Amino acid sequence: MKYAVCVIDIGMTNKKVSVYDDCLNLIETSYRNFQGLKTVYGPEKKEILCHDIEGMKQWFFACISEYAKKYPVKSISVTTHGATFVCTDEKFNQTVPCVFYTEEPGEDFQNEFYEICGTKEKLQLECQTPVLSSMINMAKGIYFVKKYFPEDFSKTKRIINYPQFWTYILTGKFCAERTFLACHTYLWNQNEDTYSSVTEKLGIKHLLSDCIVDTVSIQGTLRPELSDMLGLSEGVSVTAGIHDSNASLLPYLAKEEGDFILNSTGTWCVSMHPGTSMSFSEDDIGKVVFFNRSAFNKGIKTSIFLGGMEFDSYVKLYEKISKDCDFPVTDTAAVRKILKDRNIFVLPELVPGSGQFPESKAGIVFNGRFTSFEAVPDSEELKNLILEKKLFIAAVIISLVIQSQTAFERAGITDDTKVFTEGGFRKNKIYNLLLSSVLKNNLCFTTDISEATSFGCAMTAIMSIEGKNCRDLSSAINIKYNKIEKEDFSDYEEYKKLWLKAAQGE
């Protein structure tokens, strides 16, 4: 090992600190979950969840200190989930709570935001960003803390994107980069490659960094006081930071030359299609489809939905009703029966407006009657259905496949597009078999990279240190491809027609 790279990988659920060697071998990883901190806001003293920034910082430092004793750490790189920012004063001190983007301030708040900042359609065209619920459009989160924490917000001197907040803590240098700025924030005008009109209408442009750096670049070196505390050399470099979805895409950009969609599955199912033109179809407007920017500032047409959250929520519903904690599975026979009978439909969206079917109300249609997700446990009929776990889980998986197929279509899939499914759903054999089978003209694969997001983040560090491009690292990237076969599910199209009608409220 010539040197080691330390990666801080911040997901909404898991936080990780990993070490890679100079050949991109994963050496060691530490994991921890942090509970959200509760604070109150507004005249009604409502509670809202916020990130435990100080707790995370102390744990990250402890992990890095331990790794510094064992490995020749030369660089630190950071990747985080999206839609999150930290407000600070000029001395690194946090001024307002770092709110969870999943919190919903309500319809009045949402309407007020668009009255100030512009119509949904205008902002989608300017920022290549769709309407998302809660505060998943990051500008809404900024407006929220400005509105409800005005005294504390008045002390703010910097609004820092989440990955760059951590690089700021490590180096003392304030910057921004495009994989985060351009990911459904409403802060970036992708047509003009500059800050959007929203930043001026919210009166925050002066608080944002005017130093826009390349993702694959060294932002600086450790602050002297930190290097002493962590047991590292002052010469340890820190990269600019990268959005997590873009980090997981990097290994594929290094390995793949043809047209592909990466179906990255977790809490969010994120369909990323590199190489598409930066334009929307008429059908895209008003849908949850947008453009990311790659680590090389190229457009990536992207569509998302909360597939992992939905699957986990229905599994928990099964466990609650059945008192059975064995993970429920299904088989093709159950899938075929659901498709043939066409009387059970599991509908999105548990977080309204978060996916491909914003008109849909989450719940179950059984024998022509709709029951909301919240009311399902009160229905004896549905409890009996759920106890037929193979049929119930089959219906959930069919719903996820329809949502995935729709997301691919909106991301611009063609007959020549390969589909790579990574993350949690790659282990779900029935999901992958049905998905491959309904994508009749597409080659479909499950893929496996150990800790894909951390791996891609480590790539940015090595490219920055050694001055290499993405393709230079391809030989060190081991992606395991498993081609998915296809079967004939002849009843799928008729079932899908009825599912779509139900999801669209018809």
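Which elements cover the buried residues of α17?

## About the model

This is a predicted model, in which local features need pLDDT of at least 70, side-chain atom pairs count only at pLDDT 80 or more, and totals for chains, interfaces and linings use all residues. Residues are numbered from 1 along each chain as its sequence is written, and side-chain values use heavy atoms, leaving out hydrogens and water.

## Helix α17 and its cover

Let's start with α17, which runs over residues 492–503; helices (H or I, at least four residues) and strands (E, at least two) are DSSP runs, numbered from the N terminus. Its 12 residues reach 16 Å from first C-alpha to last, close to the expected 16 Å (1.5 Å times one less than the number of residues).

Tyr492, Tyr495, Lys496, Trp499 and Ala503 are buried in α17 (under 20% relative accessible area, 1.4 Å probe, protein chains only). Viewed down the axis of α17, these residues fall within an arc of 100°, so they line one face of the helix; the arc is that of the directions from the helix axis to the C-beta atoms. The cover over them includes α12 (332–341), β20 (344–347), α14 (389–410) and α15 (429–438), with contact meaning heavy atoms within 4.5 Å.

Most residues other than glycine have a negative phi, and most peptide bonds are trans. Leu24, in the loop between β2 and β3, has a positive phi of about 65° and is buried at 5% relative accessible area. Gln128 sits in the loop between α3 and α4, with phi near 55° and 3% relative accessibility, which counts as buried.

The peptide bond from Pro348 to Glu349 is cis, with omega near 0°, and Glu349 belongs to the loop between β20 and β21.

Definitions and conventions:
Buried means under 20% relative accessible area, exposed over 50%, partly exposed in between (1.4 Å probe, protein chains only).
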